[in-house]
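Reader: Hey, I'm new to reading protein structures. Could you walk me through one?

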Amino acid sequence: MTDGPRDTAADGRAPATGLPARWDRLLGHAGDLVVRVPERWRYVLAVFVGAKVVLGLVGVIALTAWEGAPAAPPADEINTRLEQAAISPHRWISMWFAWDALIYDHLSRQPLTGEWKGGFGFPLLYPFLGRVVAVPLGGNTAMALLLISNVAFLLLLYYALRLGETLLGDDAAARRFTRYLVLLPTAFLFQAALTESLFLCLALATFHYAERGRWVTVGVLGYFLGLSRSVGFLVAVPLALVLLRQHRYRLDPRSLWTYVRTGWPLLLVPAGWLTFMAFCRWKGGGWFAYQRAQEKGWGIRVQNPLPVIWNGLTGDTRDAVRVWFAVAVLAIVVAGVRRIGLPYLVYTVLMVLAPLSMGPPVYKSLLRYLIAAFPVGLVLARWARNATADAWLSAALGLVQGALFVVWLAYWTHFII
């Protein structure tokens with residue numbers, strides 16, 4: 001015996017919902033589709049969409065409130081507003097293009113023929129991906145870069161959840177870790193046309209696969225990680241510590257051969273940065289063309305990061321606030337090292353001290369660079385097991401991020417670059 005047609009009221013409405021039958025069927029199909037999405041992805045998509053909706057609304061409201069305000073923006077910053085308007089007339093899109101985003105868009109459109117006279121201060125994975133993705137978008141490199149950043153943002157949430165499950169041991173803690181990554185002070189930059197989401201996505205993915213012993217995959221992803229940012233090749237060090245930990249840090253001859261046989265793909269991580277240097281040699285006339293560009297354009301010179309920290313803490317108030325954020329990240333991870341392990345402590349130290357080794361010019365971008373230090377979220381997820389503590393911590397992080405987001409939108413403050 002077969003089921004008959006679904007009952008409907010005389011006016012064509014489904015009795016269960018009061019909606020027209022066709023809408024009821026569409027809702028039923030939508031519900032079936034949601035159920036078929038794996039549980040991990042349902043959570044990741046919910047966090048992703050929630051972050052985009054909230055920050056999109058806050059951004060548009062803030063920019064609308066400033067419209068017509070005196071000296072907003074000042075005369076020397078008006079070009080940025082014009083460039084944003086040229087990218088899109090919609091503020092919820094154009095607001096994600098500021099500072100380096102505009103340079104990346106330029107690099108995505110720069111011809112590959114002839115000698116490049118600038119641009120080597122920026123690793124080229126992100127803008128080169130923009131060239132590729134722009135092809136199906138009709139050559140719109142700006143939209144391609146924004147799409148790359150947001151896809152990477154979605155994937156980094158997935159890999160954060162998977163890595164959290166491995167390191168924290170339970171689903172609830174892994175979800176807290178994923179949520180805290182979105183709530184960290186400058187995590188709104190994951191949605192901007194910048195390299196932050198791409199870099200962290202690759203970093204989380206390499207650690208995820210390293211914890212599972214899939215070293216060839218680690219090497220392939222690590223190559224692109226090394227090509228994405230100047231600190232990317234340094235991640236080979238904590239990844240090597242993951243390998244050593246898996247073999248209980250043994251250093252006998254047999255273990256050493258095991259490390260070589262298993263961990264050789266880690267050589268691909270610094271190879272990524274060497275590829276960028278080779279490109280500099282080809283197009284810029286020298287292996288260290290990027291370094292010369294950084295020195296000339298921003299006054300960046302490699303130096304001892306400890307005096308840079310001290311000078312920041314004792315100098316300008318704005319610099320002190322930025323450096324205190326860095327100190328807080330280091331302090332939290334050091335305090336929680338027993339819960340997350342040595343590789344993640346070393347990774348955090350590298351992600352904090354490497355930017356500071358660039359000297360005082362880094363102060364303006366320090367808050368941006370700190371969101372690469374994802375282990376701070378692991379520690380916070382361990383600590384905030386109590387529901388009340390989790391709620392208060394989430395609220396505090398959200399308020400801090402909201403304030404910094406509004407400050408970033410007012411880019412003429414030069415507080416976050």
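This is a predicted model: local features need pLDDT of at least 70, side-chain atom pairs count only at pLDDT 80 or more; totals for chains, interfaces and linings use all residues.

Reader: Ok, Pro 375. Where does that one sit, and is it buried or exposed?

Author: Pro 375 is one of the buried residues of helix α20.

Reader: What covers the buried residues of α20?

Author: The cover includes α7, α8, α16, α17, α18 and α21.

Reader: Switching topic: which residues make the nonpolar surface patch?

Author: Val 216, Val 220, Phe 224, Trp 264 and Leu 267 make it, and the patch is about 510 Å².

Reader: Where does Leu 267 lie? And why does it count as exposed?

Author: Leu 267 is in the loop between α12 and α13. Its relative accessibility is 62%, so Leu 267 counts as exposed; the cut-off for that is over 50%.

Reader: Back inside. Is Ser 197 buried or exposed?

Author: Ser 197, which belongs to helix α9, is at 0% relative accessibility and therefore counts as buried.

Reader: So what does a polar atom of the Ser 197 side chain lie 2.8 Å from?

Author: The backbone oxygen of Ser 149. Beyond its neighbours within four places in sequence, Ser 197 is also in contact with Ala 152, Phe 153, Leu 156 and Phe 190.

Reader: And Gln 191, what does its side chain make a polar contact with?

Author: With the side chain of Lys 52, at 3.0 Å. Gln 191 lies in the loop between α8 and α9, yet at 2% relative accessibility it counts as buried.

Reader: What else does Gln 191 touch?

Author: Not counting residues up to four places away in sequence, Gln 191 touches several residues, among them Ala 51, Leu 55, Trp 96 and Leu 146. Asn 150 and Phe 153 are also on that list.

Reader: New topic, charges. How many salt bridges does the structure hold?

Author: The structure holds 12. One of them pairs Glu 39 with Arg 175, the closest N and O atoms being 3.1 Å apart. Glu 39 is in helix α2 and Arg 175 in helix α8, so this pair ties together parts that are 136 residues apart in sequence.

Reader: Which residue meets Arg 40 in a salt bridge?

Author: That's Glu 165, at 3.0 Å from N to O. This pair links distant parts of the chain: Arg 40 is in helix α2 and Glu 165 in helix α7, 125 residues apart.

Reader: Are those two buried or exposed?

Author: Arg 40 is partly exposed, with a relative accessible area of 34%. Glu 165 counts as buried, at 18% relative accessibility.

Reader: Which residue forms a salt bridge with Asp 170?

Author: Arg 385, with the closest N and O atoms 3.7 Å apart. Here the pair links two loops: Asp 170 lies between α7 and α8, and Arg 385 between α20 and α21, 215 residues apart.

Reader: Which residues are linked in a network of salt bridges?

Author: Asp 100, Glu 196, Arg 229 and Arg 368 are linked that way.

Reader: Last one: where is Phe 325, and what is it in contact with?

Author: Phe 325 is in helix α16, and at 25% relative accessibility it counts as partly exposed. Leaving aside neighbours within four places in sequence, Phe 325 is in contact with Pro 185, Leu 367, Leu 370, Val 400 and Leu 404. Phe 325 and Leu 370 are 45 residues apart in sequence, and their C-alpha atoms are 8.3 Å apart in space.

Note on methods
Residues are numbered from 1 along each chain as its sequence is written. Side-chain values use heavy atoms; hydrogens and water are left out. Buried means under 20% relative accessible area, exposed over 50%, partly exposed in between (1.4 Å probe, protein chains only). Helices (H or I, at least four residues) and strands (E, at least two) are DSSP runs, numbered from the N terminus. Contact means heavy atoms within 4.5 Å. Patches are made of residues with over 30% relative accessible area and no salt bridge: like charges are joined within 9 Å, nonpolar side chains (Val, Leu, Ile, Met, Phe, Trp, Tyr) within 5 Å. Accessible areas come from the Shrake-Rupley method with a 1.4 Å probe; for residues, only the protein chains shown count as cover. A salt bridge is a side-chain nitrogen of Lys or Arg within 4 Å of a carboxyl oxygen of Asp or Glu. A polar contact is a pair of N or O atoms within 3.5 Å; within protein, one must be able to donate a hydrogen and the other to accept it, and residues adjacent in sequence count only if both atoms are side-chain atoms.
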